[in-house]
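Student: Please take me through the arrangement shown below, one topic at a time, with the criterion behind each term.

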There are 2 protein chains.
Amino acid sequence: MAAVRQLLAETGYERLTVDAVAARAGVGKAAIYRRYASKVEMVFAATLHDDDLPPPADTGSLHGDLLAIAHRVHARMNTPAARQIGPAVIAELSRSSELTEKFQQGPLAAERQLYATVLDRATARGELARPADPAVVHLLVSGPIFFAVSGYRISVDDAVLEAIATTVTAGLRS
Amino acid sequence: MAAVRQLLAETGYERLTVDAVAARAGVGKAAIYRRYASKVEMVFAATLHDDDLPPPADTGSLHGDLLAIAHRVHARMNTPAARQIGPAVIAELSRSSELTEKFQQGPLAAERQLYATVLDRATARGELARPADPAVVHLLVSGPIFFAVSGYRISVDDAVLEAIATTVTAGLRS
């Protein structure tokens, strides 16, 4: 993962090769392909996250938990490496429905699981009258951040993250 | 605009040229450049929207107005042409801060104005105790749709649009 990040900074996504990563990391190419079937999957794991996403510590409230996720999502999407590879990942997914399905079963499912965990906590605390769909809450919290960072490239400050967490929490509780 | 859409369908974004559009439309290239300074601005206007976005008809409630915008945003982002050019627009914005600024002053400002209009209506109806920031509500409603369509390419049905409008409205009202 460190080798991927170094080479991304040196050569950019387009010219990065799995061969170069293997050489830099001192491992065989097969060892990489056992774990990542394609360059884009390897790069996503190295710059955004892999499929093992630990949930945030329990803050004691749904608002606190969603705010913690929002901060983490923004911090990850807003690194130079993630900002560099974001458009390439989007383009690769748009060209391949097979790759899209792999991303939905891998990173997307991992992200939704984070939301499922904090919604379960909220239900256990009695914060939610009705169950909420983790897939929708994922769109409602991660979506605005993705839109701002990868779409119109709007800078997102703490106040915006707070407004997202506050509005979504109040909407789910009401 | 019709010539752009025809040529996009025939040749794709990469091979589309302003020359070909001028020839197809039977106008001079200068006439196009007077209106659109670049290919990407021309294509965005032809497939998503121009900078003159009429607000939706007043449905009588903030929920109805936000749901109407959500349906419109999804319908526009989900056409074959928009799905084709989305990744190209994202890549071009990521490479040029000058272009990003033009998109923020053009299409982004037009989209925010839609939200400002429906929030003003909601305030006038007495639906909102406190004023809401149109820029944040834009992220909260358009963001999840953009994330689903252009990010993980998740299909968005009426129930998801309804859940987005309902949660955001309840969050803003509480």
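**Interface, core and salt bridges**

Student: How many residue pairs are in polar contact across the interface of chain A and chain B, both residues being at pLDDT 80 or more?

Tutor: The model is predicted: local features require pLDDT of at least 70, side-chain atom pairs count only at pLDDT 80 or more, and totals for chains, interfaces and linings use all residues. Residues are numbered from 1 along each chain as its sequence is written, chains are lettered from A and ligands numbered from 1 in the order in which they are written, and side-chain values use heavy atoms, leaving out hydrogens and water. A polar contact is a pair of N or O atoms within 3.5 Å; within protein, one must be able to donate a hydrogen and the other to accept it, and residues adjacent in sequence count only if both atoms are side-chain atoms. Between chain A and chain B, the number of such residue pairs is 6.

Student: Which helix of chain A supplies the largest share of the side that touches chain B?

Tutor: Helices here are DSSP runs (H or I, at least four residues) numbered from the N terminus. On that side of chain A, α6 (80-95), α7 (97-125), α8 and α9 each supply at least two residues. The largest share, 12 residues, comes from α8(A).

Student: How many residues on the side of chain A that touches chain B are charged?

Tutor: Asp, Glu, Lys and Arg count as charged; Ala, Val, Leu, Ile, Met, Phe, Trp, Tyr, Cys and Pro as nonpolar; and the others, Gly among them, as polar. On this side, 23 residues are nonpolar and 12 are polar, and the charged residues number 3.

Student: What area do chain A and chain B bury between them?

Tutor: Buried area is the accessible area (1.4 Å probe) that two parts lose on being put together, summed over both. The contact (heavy atoms within 4.5 Å) takes 38 residues from chain A and 38 from chain B. Carbon and sulfur atoms carry 79% of the buried area, which is about 3,200 Å².

Student: Which residues have the most contacts inside the largest nonpolar core?

Tutor: Such a core joins buried Ala, Val, Leu, Ile, Met, Phe, Trp, Tyr and Cys residues through side-chain atoms within 4.5 Å; buried means under 20% relative accessible area, exposed over 50%, and partly exposed in between (1.4 Å probe, protein chains only). Beyond its neighbours within four places in sequence, A:L66 is in contact with residues including A:Y115, A:V137 and A:L172. The core has 123 residues, and those with the most contacts inside it are A:L66 and B:L66.

Student: How far apart in sequence are the parts tied together by A:R121 and A:D65?

Tutor: These side chains meet in a salt bridge at 3.0 Å, N to O, the criterion being a side-chain nitrogen of Lys or Arg within 4 Å of a carboxyl oxygen of Asp or Glu. Both A:R121 and A:D65 are buried. Because A:R121 lies in helix α7 and A:D65 in helix α5 (residues 62-77), both of chain A, the pair ties together parts whose separation is 56 residues.

Student: Is A:R153 buried or exposed?

Tutor: Phi of A:R153 is near 55°, a positive value in a residue other than glycine. The residue is placed in the loop between α8 (134-151) and α9 (158-173) of chain A. With its relative accessible area of 16%, A:R153 is buried.
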